[in-house]
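Subject: Structure handover

Hello,

Here is the structure I said I would pass on.

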Amino acid sequence: MGALHIEPVDVLAIGPHPDDIEIGIGGIVARHAARGDAVGLCDLTAGEMGSNGTVADRLAEAEAGYLDALRLKPKHTDALHYLGVLRTQQNDAESAVKLITRAIKQGPETVDMHLNLGAAYSKADEPSRAVYAYRKALAMKPDLPAAHFNLGHALRLARDFDGAV
């Protein structure tokens, strides 16, 4: 899972299960996003008790969607980034690092990309590289609690106890 990162939004849609927001009010959400509103979606569960497939099914669908997007547009920054996040969730940290790094190089880079790259490096047991990624995130947004927390954790894993305090 990607690093916790919360940004203020203009519109927050909350649904009990995955797909509920998209199916129920997807048009409204899309209209707000097209208008330039910052939109957030919050699924309260991962759909683990659903009758229309498992969490693994939903992850496979997400993966297929990202791969389809990349077939259509090989440099699709968001698809690269989020496929990297998915690879981190699948414990394929090597692929995650490559995908998120490609997304960052293509730009525009975001704080989330650096946070998620740090998470991938942490999963790959490369805490010094995770430290670098979290510091890049903090350079972009110095007051970001998630980056401070994750940096402290990575510094601890790198055995830099003084830096982690």
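This is a predicted model: local features need pLDDT of at least 70, side-chain atom pairs count only at pLDDT 80 or more; totals for chains, interfaces and linings use all residues.

Residues are numbered from 1 along each chain as its sequence is written, and side-chain values use heavy atoms, with hydrogens and water left out.

Helix α1 covers residues 20–34 (helices are DSSP runs of H or I, at least four residues, and strands are runs of E, at least two, numbered from the N terminus). α1 has a kink of about 80°, centred on Gly26; the bend is the angle between axes fitted to the seven residues ending at a residue and the seven starting there. Gly36, which follows α1, has a positive phi near 100°.

Asn91 sits in the loop between α3 (77–89) and α4, and Asp125 in the loop between α5 and α6 (127–140). Asn91 is exposed at 56% relative accessible area, and Asp125 is exposed at 64% (exposed is over 50%, buried under 20%, partly exposed in between, with a 1.4 Å probe and protein chains only).

The peptide bond between Gly107 and Pro108 is cis, with omega about -5°. Pro108 is in the loop between α4 (93–106) and α5 (111–123).

Finally, Val9, in the segment before β1 (11–15), is partly exposed at 36%.

Regards

Terms used: The expected span of a helix is 1.5 Å times one less than its number of residues.
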